[in-house]
Amino acid sequence: MKLKSSEKEAIAGYLFILPNFAGFLLFTLFPVILSFVFSFVRWDLLSSPAFVGLNNFMKLLGFHREAGALVANDPLFWKCFGNTLYLMMIIPIEIMASLMLALVINQKIKGVNFFKTVFFLPTITNGVAICLLWYWIYNTDFGLLNSLVVNAARSIGIHAHGISWLTSVAWAKPSLMIMGLWIMMGGYNMILFLAALQGVPRELYEAAEIDGAGSWDKFWRITWPMISPATFFVAVMAIIGGFQGGFMQAYIMTGGGPEHSTTTLEYLIYNHLYSWHNVGYAASIAWFVFVVVFLITLLNWRFGGKLVQYSHY
Amino acid sequence: MREEKTLGRIGRERRRKNVLKKVLTYAILAAGGVTMILPFLWMVSTSLKSFGSVFIFDVKDIQWIPKSICWANYIDVWKVVPFARFYLNSIFVCCVVTFGQVATSALAAYAFARLKFPGRDKLFFGYLATMMIPGSVTMIPVFTMMSVFGWIDSYKALIIPAIFSAYGTFLLRQFFMTLPRDLEDAAKIDGCSLWGIFWRVILPLSNTALATLTIFVSLGNWVSFMWPLLVTNSIEKKTLPIGLAYFQEMYQYAQPDWGLLMAGSLVTMVPIIIVFLFNQRFFIEGIKLTGIKG
């Protein structure tokens, strides 16, 4: 039997995708289904799993009355959700810093490439080394930051003690946010902004200059609208990443503490899975994160387009 | 006469503005550069201090340059923890995963970009849809699968689940779509098989995209943390990041030897920085490529 060429092509097509598709089925599609099943199951990895219906989600999202007041069934989960949102408040500052660095690097001046490399260093370094470095810098008794702070305080006549950066509830989250800003500002986002800036047609600036526009006007009336797709993309990715972040910092630097103040959803999932062996409950938290991320993506599709100016070039 | 004067004034003003702009630019660059470099310098400085001298807290005299330089940290660190073993593990896992992922992605991407077969577009949409799913959703069942397979604490668990990615397929498919079809048509007329077209036409034309994906995958695997942490137990199987975390855990109940820890951290950092310096172009191009199209 002779095969038609279109049939040959179809068979070839299936053969070409086969290795990848087999892996996709086994390590992506099947696990997604399995994880959905897990979220309705109680399982400690040792005994056999038990179907518990919606119990995991009732515990996760439900409330009950206690002495007349509404109390969450799982206060720790809500606390971690709050922590995750809190830590994400640095995102706008990160994005502004990235944009500022990109604007500066986009100038045609000497030494720019050196700075580009320097700003990018934290992004290519393994995160554990970075976390250890900041863990040391934030050390209460012997850390660099407290040396600088105490020194500055003394020079204006205040005899101060160092701040408990990572070991006090008040400072732990801001400390992680400052570190996050340091890591993120010169990373992928800066490069994306740089690409967007280089994509703005020069004629627009030239025309504006002839009309007598200053730098300020040129930025707000040309640059900002022209790069809005990049800004939008960067913001969305940062938010999606933010909901899944904070694991390594918690693991290396704070252990999620003090008083769970730096435990994010991701670290909570890890603890339920690995430390407390609540496989089903871990899966239900992971699905909660998925729903949040999914809703944000939907909102972006629906409303994002109106905020963004797509160029006609 | 008067016009010339006005023009001269505008010119002077513009020049003054340009100077101001340059000063501001350099000020921001310098401030940013110092902020980025100081912590790294502190890392180098600490790594050259002996155990005792790290804990001298004299705020008036922060020792950026150690009074006595202790090179021994860089020798001792290899003895305290088996960093050489971690390095070998990381290099082995990283190479296999990168090769496997680039190869399977390229094959699938070619089929998705060029070959017609029933269900192709639906399948591709399925790939895209799963890219939105948070890693932890799939990580939990894959972890339980590993323990059912008995793969925990083996290279299989470190390598096999990491080989397949929808992301790599997507990236290369987008790139293959931009290639002109003329060459392929010519090769077809000359009697070239589909494999021949893929191997001799498509791949050589896609050097940049393949290099970009290679760098992304290898860097991502090199620094990956949570997965290796979950599936390794014994020291012999740990990769570099996990090994470094293990090194820190050794000091759980004592004041860490910060000099050694920082030396260890630097030992894990420096090679990748060198690799980056030589491949910077691909990094930057790659980010632009994925950022704009992703």
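This report walks through helix packing, a strand hairpin, the chain contact and the domains of a predicted model.

## Ground rules

Residues are numbered from 1 along each chain as its sequence is written, while chains are lettered from A and ligands numbered from 1 in the order in which they are written. As this is a predicted model, local features need pLDDT of at least 70 and side-chain atom pairs count only at pLDDT 80 or more, whereas totals for chains, interfaces and linings use all residues.

## Two helix pairs in chain A

Let's start with helix H4 (residues 91-105) and helix H12 (residues 228-243) of chain A, whose axes lie 10 Å apart at an angle of about 140 degrees. Helices here are DSSP runs of H or I with at least four residues, and strands are runs of E with at least two, numbered from the N terminus. Axes are lines fitted to C-alpha atoms, for helices over the stretch in contact, and angles run from 0 to 180 degrees between N-to-C directions. The angle makes H4(A) oblique to H12(A) (under 35 degrees is roughly parallel, over 145 roughly antiparallel, 65 to 115 roughly perpendicular, and the rest oblique).

On the H4(A) side, A:Ile91, A:Glu94 and A:Ile95 meet A:Val234, A:Ala235, A:Ala238, A:Ile239 and A:Gly242 of H12(A); contact means C-beta atoms, placed from the backbone, within 7 Å. By class, that contact has six nonpolar, one polar and one charged residues. Ala, Val, Leu, Ile, Met, Phe, Trp, Tyr, Cys and Pro count as nonpolar, Asp, Glu, Lys and Arg as charged, and the others, Gly among them, as polar.

Helix H13 (residues 247-254) and helix H14 (residues 265-275) of chain A pack at about 70 degrees, with axes 7 Å apart. H13(A) and H14(A) are therefore roughly perpendicular to each other. A:Phe247, A:Ala250 and A:Tyr251 of H13(A) make the contact with A:Glu266, A:Tyr267 and A:Tyr270 of H14(A). Those residues divide into five nonpolar, no polar and one charged.

## A hairpin in chain A

Strands E3 (residues 63-66) and E4 (residues 69-72) of chain A pair in the antiparallel sense over four bridges; pairing requires at least two DSSP bridges. A:Glu66 stands opposite A:Ala69 in E4(A). Two residues sit between the strands of this hairpin, where A:Ala67 takes a positive phi near 50 degrees.

## Chains and domains

The contact between the chains takes 79 residues from chain B and 76 residues from chain A. The chain B side has 54 nonpolar, 19 polar and six charged residues.

Chain B itself is divided into domain 1 (2-71) and domain 2 (73-293), with bounds from an automatic or database domain assignment. Their centres, taken over C-alpha atoms, are 36 Å apart, and 11 residues of domain 1 are in contact with nine residues of domain 2.

Terms used. Two residues are in contact if their C-beta atoms, placed from the backbone, lie within 7 Å.
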